[in-house]
Amino acid sequence: MSQATPADIENLVELFNRSDWEEMHLKTDGLEIFLSNDPAARPPGQAAAAAAAAAPAPEAAPAAPAAASAPHMTPAVTAHDVVIPAGMVAVRAPNLGTCYRAPKPGAPPYVEVGQKVDADTEVCLIEVMKLFTPVKAGVNGTVREICASDGQMVEYEQVLVIIEPDA
Amino acid sequence: MSIKRVLVANRGEIAVRIIRAAHALGIEAVQAVSAADRDSLAARLADQVVVLGPAPSKQSYLDARLVVHAARSTGCDALHPGYGFLSERAALARLCAEHDITFVGPEADIIDALGDKLRARAIAEDAGVPLVPGTDQIASPAEARKAAAKLGYPVVMKASAGGGGRGMFVARDDASIDASFDRASSEALEAFGDGTLYMERYVENARHVEVQAAGDGAGRVVHFGERDCSVQRRYQKVVEEAPCALMPEALRSELHASAVKLLSKLKYKNAGTVEFLYDVERGAFYFIEVNTRIQVEHPVSEQVTGFDLVQTQFRIAGGEAGALPRQDQVRLARHAIECRLNAEDAANNFLPSPGRITHWSPPAGAGIRVDSHCTDGYLVPPYYDSMIGKLVVTAHDRPSCVARLADALDDFAIEGLTTNLPLLRYIARHEDFITNNFHTRWLEQTLLPAFEQSIKE
């Protein structure tokens, strides 16, 4: 395992939950995980921090808008950088525009987290001056994260959706 | 200032210039960039940056819808188009108006009218501005000889239907009309399906002069003097200066008055330039066209008048009272010369030479101004035009200005890529340039052959 993806961690947590184990401690090159049924338990020789790792992987999305309000004199162009976990594919904006998650107001969104998609599945719309261009997934897989909210301005190459490709 | 936030829809040195002018007036600047310009100086100076699209201009700087969308979604109430790119597209001005964004420039209909060469000529004629004297259709050599006698030799015959030089010839006397008329007519017939010819006065020793002006949109127009942009290569200006030192004072006043007359008739709003051909021998000038934008060479007019023209553009667009000075407040003094610095190899057919600037050391001192977006380590991208900056020198008269220009060019050090600095240095020290004895074909016909020879030696 070169680098664990959120999906890998979810799988491990699920495995642990289904097992009758009391504790699990996994350590590889880039990752250390300690899972336990005892809330007071700590990994050998380490403090509380690792316990957080046992929680479901948090959505990275809320971090991006916070960074977007870049202060004066600093380039805002890096503000939308989202870390793409290894093995995942980012669907990016083909140009600047307004991102819409549904084909029309009130309609259900094109995709939700956890949904299976194929390469031709539309994941959102980019609007420029009332001209709407659908954005496709480009890959078969599962939606793992939605990084742009409905009605948000997105820039060229900004990450819209993260997809875990089928194996 | 009613404008709060402006979208800068351009790149390079003019984007930097616009941002600085905006900040001086308390206007916030949002810089729209392509992916290639994310780290540009303009992006660093702006209050906010938005990436429009990939590097090619068509998918970024040349897409009016993208640019206006960017302005709307970033809360801009104005848009400055700079020069080049979308600056003279009426569609952009129209799109801005439809979305309540103040376009820093003239109205869309005016851009349309002046962008059409024939309509622009008709407008000029209507305003009493001189055009190159010419004739209607001419049917025979005899008719042509009669017309030439009226216009005065030399004359040029052109095909009514055409362009690109076919069916065209220059005649210096009756004999050359007889010798060339029939061949030119059949050439035109073959090329354009129409053998009709017409005649214009031929200007042998032409200067390119242009009047910088600005209007308030209510019929008041003020000029900021003229510029002489006769050092050109393939119709691209290389060196520009203000004033046109060899023009007699009476003719200069007439030139200014013509430009003001034309633009006031249109109730022209914001900055514009009226271009003329100056026939030095005949002591006459003829209308060419109107540029409805701020021009690359605007700094020389700023240097001799003391007005900041980009700030003036914002103030007019913002509807500020007193944005446009009274004509008697515009005093023309001193002499200014601008050189365009290009990343191109003048010794190798002007091949563009993009790349990384490893060392950027501009000259400094009294009367020296450098408008540029370049810095140490800046990568000149290959997608756009090759201009990397403008050196503008000012002195109390032309001879001292030329001397200062030559010194400033010597002090300019740019390493890492090939620039046209050697050519500019050669121009500044050439006898014809020093004595102000050149015309619009001089760079191509006289200077470049001598420059190429000097490199070989």
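**Exercise 1. Locate Glu157(A) and determine whether Glu157(A) is buried or exposed.**

Step 1. Glu157(A) sits in the loop that connects strand E9 (152-154) and strand E10 (159-165) of chain A; helices (H or I, at least four residues) and strands (E, at least two) are DSSP runs, numbered from the N terminus. The model is predicted: local features need pLDDT of at least 70, side-chain atom pairs count only at pLDDT 80 or more, and totals for chains, interfaces and linings use all residues. Residues are numbered from 1 along each chain as its sequence is written, while chains are lettered from A and ligands numbered from 1 in the order in which they are written.

Step 2. Although Glu157(A) is not a glycine, its phi is positive, about 70°.

Step 3. A residue is buried if 20 or more other C-beta atoms, placed from the backbone, lie within 10 Å of its own, exposed if 12 or fewer, and partly exposed in between. Glu157(A) has 20 C-beta neighbours inside 10 Å and therefore counts as buried.

**Exercise 2. Carry out the analysis of Exercise 1 for Asn349(B).**

Step 1. The loop between strand E16 (344-345) and strand E17 (351-352) of chain B holds Asn349(B).

Step 2. Asn349(B), a residue other than glycine, has a positive phi near 55°.

Step 3. Asn349(B) is exposed, because 7 other C-beta atoms lie within 10 Å.

**Exercise 3. State the strand order of the open sheet in chain B and identify its edge strands.**

Step 1. The order of the 5 strands is E3-E2-E1-E4-E5, with parallel pairing; two strands pair if DSSP finds at least two bridges between them.

Step 2. Strand E3 (48-53) and strand E5 (102-103) of chain B are the edge strands, each pairing on one side only.

Step 3. Strand E1 (residues 5-8) and strand E4 (residues 78-80) of chain B run parallel and are joined by 3 bridges. Leu7(B) stands opposite Leu79(B) in E4(B).

Step 4. Helix H3 (residues 64-73) of chain B lies across E1, strand E2 (28-34), E3 and E4 of chain B, at about 150° to E3(B). Axes are lines fitted to C-alpha atoms, for helices over the stretch in contact, and angles run from 0 to 180 degrees between N-to-C directions.

**Exercise 4. Describe how H4(B) and H5(B) are oriented and which residues make their contact.**

Step 1. The axes of helix H4 (residues 90-98) and helix H5 (residues 108-115) of chain B come within 8 Å and cross at roughly 170°.

Step 2. The two helices H4(B) and H5(B) are therefore roughly antiparallel; angles under 35 degrees count as roughly parallel, over 145 as roughly antiparallel, 65 to 115 as roughly perpendicular and the rest as oblique.

Step 3. H4(B) contributes Ala90(B), Ala93(B), Arg94(B) and Ala97(B), and H5(B) contributes Ala108(B), Ile111(B), Asp112(B) and Gly115(B). Residues are in contact if their C-beta atoms, placed from the backbone, lie within 7 Å.

**Exercise 5. Find the residues with the most contacts inside the largest nonpolar core.**

Step 1. A nonpolar core is a set of buried Ala, Val, Leu, Ile, Met, Phe, Trp, Tyr and Cys residues joined through C-beta atoms within 7 Å.

Step 2. The largest such core has 122 residues, and those with the most contacts inside it are Leu160(A), Val161(A), Leu7(B), Val8(B), Val67(B) and Leu79(B). Its largest share, 7 residues, comes from helix H1 (residues 12-24) of chain B.

Step 3. Not counting residues up to four places away in sequence, Leu79(B) touches several residues, including Leu7(B), Ala71(B), Cys96(B) and Phe103(B).

Technical notes:
Contact = placed C-beta atoms within 7 Å.
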